[in-house]
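Please keep the sequence and the model in view while reading.

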Amino acid sequence: LGALGLAAVVASGHASGIAGVSLATLGVGEGSSGAYDTAEAVRRNAAAQATLAKQTALNAKAAAEAADATYAAAQADAEKLDRLAAQAMRSYELASVDDRDAADAATIGTQQTEDDALEEDAELSALTATYTAAREEYQASTDALVTLTKAKADATAATQKAEKTYAEASKKADASKAAADVAHVSAAKANQEAQKAKEVGEEKPEQAIARAKAVADASSAAKAAEIAAGKDKRVAADALAAVESAKLLEKTATETLAIENARNAELAAASTEAEARMIDQSDVAAKAKTAAADLTQTSVSAYFSASVTKAEMKDKADKAVEAARKARDIAAIRMEESKAAQSKARAASDASDVADAELTLAERTVDVEEKKELAVKNAEDAAAEAKAEAAEEEEPEAKAKTQKA
């Protein structure tokens, strides 16, 4: 194992030392009392070197990641500036178009704007006529609502009056019917009693005639009551028909009022919309007239302003293109720096792996030396035990020789 430790150091080219102790000392004095201490010192040194190598690797990895992030940021900045440069060029192209259009507007003059103002004014006239007609129709509907509301109220009052009349006629008809029924019962009873009277057949003719006349009078009274009840029933029926007619008129008045209310709401909305459109168009027409009047004065100023803007956009585009070029150069440099940092990180990681391997070798060497010390101790204990046993066997022999002497 000591030879393997030396071979690992030579093969890796990595030297580690604390107070002159290194893996190269492994194998020296194997089995001696100082071999374990030497192996433990080498292990501690290897552990320290492994920790240092691991931290170095982590630092290198962090540096590589930082370099990569810096490169990514530089690349993103370059791409952003490329887009800004492209946008600046498009802005310059648009400014060139605006400059050409402004020149055309200044050359052609205000004819088109004046024509537009006339069209807007004509549209305003049409919308004004539409609004006036809508407002008049809405007003007529509003006036009609007053009349229809009164008609509906009159119809409701007529219905209530007819219902009251019907209630009174119905009550009277019921009373007449009850009276007629009583009269008929009384007449029938009087007829039966007259026929069954004991005097019948024995009384004088004038008495018989008087009896018959009383029965006839009762029958006539019952018939008269029946006729009166029939008349009252017809009056009640006519009153009921009047109620139904009044209700029909009230229903018609109510529905007509509801229809006109709905129509009035629609006409109100239409009138409001027409008025809003007229007001809006009035604003549009006024602005169009103002624009036509102002165009001659402003067209030259607009052309001058467009020319200035075009020059400014050209300057901004040139600067943006130059900034994008510089950003691409910086991104290329950051990419090379990132590659170098990645290489350093890989090298540091490899060095950390070698240090871990050396630490593993040193730890195994310590284990071996511990086992060696234990073996030596066990051998010494066995020798001492054998020596003690031999002494115990020799003691009786020595006593026997002494006794003989």
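## Confidence in the model

The protein has an average pLDDT of 76, and 81% of the residues score at least 70; pLDDT is the predictor's confidence in each residue, on a scale from 0 to 100. The model is predicted, so local features need pLDDT of at least 70 and side-chain atom pairs count only at pLDDT 80 or more, while totals for chains, interfaces and linings use all residues. Residues are numbered from 1 along each chain as its sequence is written, and side-chain values use heavy atoms, with hydrogens and water left out.

Confidence is lowest in helix α1 (residues 2-12), with a mean of 35, and highest in helix α3 (residues 111-196), with a mean of 83. Over residues 1-30 pLDDT stays under 50, and for this stretch the model has 43 contacts beyond four places in sequence; a contact means heavy atoms within 4.5 Å. Where pLDDT is low, the predicted coordinates should not be read in detail.

## Overall architecture

The secondary structure consists of 4 helices and 0 strands, giving the pattern α-α-α-α along the sequence. Helices (H or I, at least four residues) and strands (E, at least two) are DSSP runs, numbered from the N terminus.

Among contacts in the protein with a separation of 6 or more, 91% are accounted for by residues 24 or more positions apart. Val284 is found in helix α4 (residues 205-404).

## Surface and burial

The accessible surface of the protein comes to about 26400 Å², of which 58% belongs to carbon and sulfur atoms. Accessible areas come from the Shrake-Rupley method with a 1.4 Å probe, and for residues only the protein chains shown count as cover.

Of the 405 residues, 24% count as buried. Buried means under 20% relative accessible area, exposed means over 50%, and partly exposed lies in between (1.4 Å probe, protein chains only). Val284, with a relative accessible area of 29%, is partly exposed.

## Salt bridges

Side chains of opposite charge can pair when their charged atoms come close. A search of the whole structure finds 11 salt bridges, a salt bridge being a side-chain nitrogen of Lys or Arg within 4 Å of a carboxyl oxygen of Asp or Glu.

One of them joins the side chains of Lys247 and Glu163, at 3.8 Å from N to O. This pair links distant parts of the chain, with Lys247 in helix α4 and Glu163 in helix α3, 84 residues apart. Both partners are partly exposed, Lys247 at a relative accessible area of 36% and Glu163 at 33%.

## Pairs within helix α4

The side chains of Lys251 and Glu255 form a salt bridge of 2.4 Å, N to O. These residues are separated by about one helical turn because they stand 4 residues apart in helix α4. Lys251 is partly exposed at 47% relative accessible area, and Glu255 is partly exposed at 39%.

Arg263 forms a salt bridge with Glu260, their closest N and O atoms being 2.8 Å apart. Both residues lie in helix α4, 3 residues apart, about one turn of the helix. Arg263 is partly exposed at 33% relative accessibility, whereas Glu260 is buried at 12%. Salt bridges with shared partners join Glu137, Glu260 and Arg263 into one network.
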